[in-house]
Amino acid sequence: CELLRETDRLRALRCVFPPGTGHERHFHAPHFGYALSGGAMKITDASGTRMAELVTGSHFVSDGIDWHEVLNVGASTVEYLIIESKN
């Protein structure tokens with residue numbers, strides 16, 4: 001992910017995943033996410049592995065993630081913004 005902005009209160013990231021690419025294991029502070037372009041993602045975390053369809057224009061909120069890994073398993077590039085709280 002590309003760091004777009006960081007202050008003492010937040011961190012903004014843009015994540016772009018062409019088909020077949022992903023993120024190795026990492027964590028997130030509490031955050032808000034917005035899908036700029038959606039697609040099929042495989043997500044692995046402490047609960048196991050699942051498939052998720054990220055819909056363009058959708059958004060999500062998380063209280064934080066201890067760790068996860070993601071992989072774009074679809075045919076289109078997935079791109080989203082994440083705004084993390086640093087409080």
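Which residues does C15 touch, not counting residues up to four places away in sequence? The legends below, drawn on a predicted model, begin with that residue.

**View 1. Surroundings of C15.** Leaving out residues up to four places away in sequence, C15 touches C1, V78, E79, Y80 and I82. C15 counts as buried because its relative accessibility is 0%, under the 20% limit. C15 is also listed in the largest nonpolar core, together with V78, Y80 and I82.

**View 2. The disulfide of C1 and C15.** The two cysteines are joined by a disulfide, with an S to S distance of 1.9 Å. The link is right-handed, with 105° about the S-S bond. C1 lies in the segment before β1 (2-6) and C15 in strand β2 (residues 10-17), so the pair ties together parts that are 14 residues apart in sequence. A search of the whole structure finds one disulfide.

**View 3. The largest nonpolar core.** Eleven residues make up this core: L13, C15, F17, A35, M41, I43, L54, V70, V78, Y80 and I82. Two or more of them come from each of β2, β5 (39-45) and β9 (78-85). In soluble globular proteins, nonpolar side chains tend to be buried together.

**View 4. The five-stranded sheet.** Five strands form an open sheet with antiparallel pairing, in the order β1-β2-β9-β4-β7. β1 and β7 (59-62) stand at the edges with a single partner strand each, so one side of each is left without a neighbour in the sheet. From one strand to the next, the twist averages 20°.

**View 5. Pairing of β4 with β7.** Strand β4 (residues 31-37) and β7 run antiparallel and are joined by four bridges. Y34 has H59 in β7 as its bridge partner. Strands of a sheet pair through backbone hydrogen bonds, either parallel or antiparallel.

**View 6. The four-stranded sheet.** A further open sheet has four strands in the order β3-β8-β5-β6, and the pairing is antiparallel. Its edge strands are β3 (22-28) and β6 (48-54), each of which pairs on one side only. Neighbouring strands of this sheet are turned by 25° against each other on average, direction ignored.

**View 7. The two partners of β8.** On one side, four bridges join β3 to β8 in an antiparallel arrangement. Here H26 stands opposite H68 of β8, and H28 stands opposite I65 of β8. β5 and β8 also run antiparallel, joined by five bridges. In this pair, K42 is set opposite L71 of β8.

**View 8. Surroundings of N72.** N72 is placed in strand β8 (residues 65-72). With a relative accessible area of 1%, N72 is buried. The side chain of N72 reaches the backbone nitrogen of G74 at 2.8 Å. Setting aside neighbours within four places in sequence, N72 is in contact with F17, P18, P19, G20, T21, A40, M41, T77 and V78. Among these contacts of N72, F17, M41 and V78 are also listed in the largest nonpolar core.

Note on methods:
Residues are numbered from 1 along each chain as its sequence is written. This is a predicted model: local features need pLDDT of at least 70, side-chain atom pairs count only at pLDDT 80 or more; totals for chains, interfaces and linings use all residues. Side-chain values use heavy atoms; hydrogens and water are left out. A disulfide is a pair of cysteine sulfur atoms within 2.5 Å. Buried means under 20% relative accessible area, exposed over 50%, partly exposed in between (1.4 Å probe, protein chains only). A polar contact is a pair of N or O atoms within 3.5 Å; within protein, one must be able to donate a hydrogen and the other to accept it, and residues adjacent in sequence count only if both atoms are side-chain atoms. Contact means heavy atoms within 4.5 Å. A nonpolar core is a set of buried Ala, Val, Leu, Ile, Met, Phe, Trp, Tyr and Cys residues joined through side-chain atoms within 4.5 Å. Two strands pair if DSSP finds at least two bridges between them. Axes are lines fitted to C-alpha atoms, for helices over the stretch in contact, and angles run from 0 to 180 degrees between N-to-C directions.
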